[in-house]
Amino acid sequence: MRRHSRRTAALAAALAASALSLSACGAPDGGGDSGSASGKVTGQITFQTWNLRARFQRYFDGVVAEFEKKYPGTKVKWIDQPAEGYAQKLSADAAAGTLPDVVNVSPDLAFPLAKAGLALDIGKAAGRYRGEYLDGAWQSQRMPGLPGVYAFPWYLNTGPMFYNKDLFRKAGLDPEKPPATYDRLFADALTMARNSDRKIAMLAGTPSIEDFGRYGVRLMNARNTEFTFNEPKGVELLMHYRQLYAAGALDSQALTAEAESAGRKFEQQSVAMNPGSALDLANFRRDAPGLYKNIGITGAVNNTGRANMYVQGLMVNAQSPVKPAAVAFAHFVTDRRHQMAFARQVTVFPSTKGSLDDPYFTKEDGTDATRVRVAAAKSLKTAVNYTPVLLSDQMKTVLRNAVARALQGKQSPKEALDSAVAECNRLLTAG
């Protein structure tokens, strides 16, 4: 964990985007179902996490000891890998046939492993546990073109939206009713720009693939073999953003802005809305008290009624010689009791049903962390992972450049998205 206080959506997105190429042997059509996962829970399991030892060794040592006590004859060897080069490490282990029995993965890292036949189909081997997890979290572990579910859902994250109540009030907008849909967002953004003489922008960033998903755009076809975000609804979204950019409702530096610079614009109170986290809220309180006293917290805007979800999972190696024990341990770590315990250690959220109804996620106590935790937990109950597993970093750049051309008037929104889809589909085929 690069920032030990949280495993944020930004971290998950940044590392999850890494390309993982496999030269490992395995079933060419995926499916990961080498042998049975039924049988006696015994033997030594290797368990690999993703940069968690530094802060959470006591927690995981306790989980391991508890499991070994519950299942005499088992032994768990815990391995923790640094964040840097994690995807490459997985690739090397897969190629060498040394992949651990239980592995911490994000869906995009699980996909090539599942495709190579190295990820056990949890839906088939341990489908009896399906009802324990949130529907969106379970579905996030399905892989395009493959029939099963290839990891136990583990911890989740999502980001609330911060907004500046004072800027809303000055623009004649209701500070207690921030926009919840895109139509309302676009209307309020134009009002904000007009009533502030273009001095205040509503947003500091251009639409990402998540925005297309939350807008209700079909991102890929039913077989997940082609990108489709250039459909009329996608063009409609980009036309709205083009209008915002022309009206000054989108910050003038949005085409080149990174998340950090967008955050600074919000802190300087020249932008009215921006995604964030509990850590940001604490920073506002310390560094920008004028902003902090006017902070509002709401869910990310969407037309689907579902927020975006970032998810981690525990994959079982389909070639493990101790699959019964590996499945039992992966479920043990991700069951409701242990997920709740882990969520109290760090700002993440359980993927188990009912956990988000716990007072820890529903009751505010006046602290910054609780304000954000309650808002995020509420949205996670029905959240989905909008970013397609198959969307690579290179493809994200293709989309970002197309959006910039459309906003600058160099291409129409339709032309820009058509070209982006064509290039992404070419990259998909080439990959």
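A contact here means heavy atoms within 4.5 Å.

**Figure 1. Overview of the protein chain in the predicted model.** Among contacts between residues at least 6 apart in sequence, 76% join residues at least 24 apart. The secondary structure of the chain consists of 19 helices and eight strands. The radius of gyration is 22 Å, close to the 22 Å that the globule rule gives for 431 residues, so the chain is as compact as a globular protein of that length. Along the principal axes, the C-alpha atoms fill a box of roughly 70 × 50 × 35 Å.

**Figure 2. Surface and charges of the protein chain.** The accessible surface comes to about 18100 Å². Carbon and sulfur atoms account for 49% of this surface. Of the 431 residues, 57% count as buried. The chain carries 53 positive and 40 negative charges. The mean position of the positive charges and that of the negative charges are 2 Å apart. Side chains of opposite charge can pair when their charged atoms come close.

**Figure 3. The salt bridge between Lys89 and Asp93.** Both residues belong to helix 3, which covers residues 86–96. Lys89 and Asp93 are four residues apart, about one turn of the helix. The closest N and O atoms of the pair are 3.4 Å apart. Lys89 is partly exposed, with a relative accessibility of 31%. Asp93 has a relative accessible area of 8% and is buried, because buried means under 20%.

**Figure 4. The salt bridge between Arg286 and Asp287.** The side chains of Arg286 and Asp287 meet with a distance of 2.9 Å from N to O. Arg286 has a relative accessible area of 57%, so it counts as exposed, the cut-off being over 50%. Asp287, at 44% relative accessibility, counts as partly exposed.

**Figure 5. The salt bridge between Asp358 and Arg344.** The N-to-O distance between the two side chains is 3.5 Å. Asp358 and Arg344 both lie in the loop between helix 15 (336–343) and helix 16 (359–362), so the pair ties together parts that are 14 residues apart in sequence. Asp358 is partly exposed at 22% relative accessibility. Arg344 is also partly exposed, with a relative accessible area of 47%.

**Figure 6. A salt-bridge network of Arg130, Asp135 and Lys353.** Salt bridges that share partners join these residues into one network.

**Figure 7. Asn157 in strand 4, with Gln312.** Asn157 lies in strand 4, which covers residues 152–157. Asn157 and Gln312 are 155 residues apart in sequence. In space, the C-alpha atoms of Asn157 and Gln312 are 8.9 Å apart. Asn157 is buried, with a relative accessible area of 9%.

**Figure 8. Asn224, a residue with positive phi.** The phi angle of Asn224 is about 55 degrees, a positive value although Asn224 is not a glycine. Asn224 is found in the loop between helix 9 (209–215) and helix 10 (232–247). With a relative accessibility of 29%, Asn224 counts as partly exposed.

**Figure 9. Gln269, a residue with positive phi.** Gln269 is a residue other than glycine, and its phi is near 65 degrees. The loop that holds Gln269 runs between helix 11 (259–267) and strand 6 (273–275). Gln269 is partly exposed, at 26% relative accessibility.

Notes. Residues are numbered from 1 along each chain as its sequence is written. This is a predicted model: local features need pLDDT of at least 70, side-chain atom pairs count only at pLDDT 80 or more; totals for chains, interfaces and linings use all residues. Side-chain values use heavy atoms; hydrogens and water are left out. Helices (H or I, at least four residues) and strands (E, at least two) are DSSP runs, numbered from the N terminus. The radius of gyration is taken over C-alpha atoms; the globule rule is 2.2 Å times the number of residues to the power 0.38. Buried means under 20% relative accessible area, exposed over 50%, partly exposed in between (1.4 Å probe, protein chains only). Accessible areas come from the Shrake-Rupley method with a 1.4 Å probe; for residues, only the protein chains shown count as cover. Lys and Arg count as positive and Asp and Glu as negative; His and the chain ends are not counted. The place of a charge is taken as NZ of Lys, CZ of Arg, CG of Asp or CD of Glu. A salt bridge is a side-chain nitrogen of Lys or Arg within 4 Å of a carboxyl oxygen of Asp or Glu.
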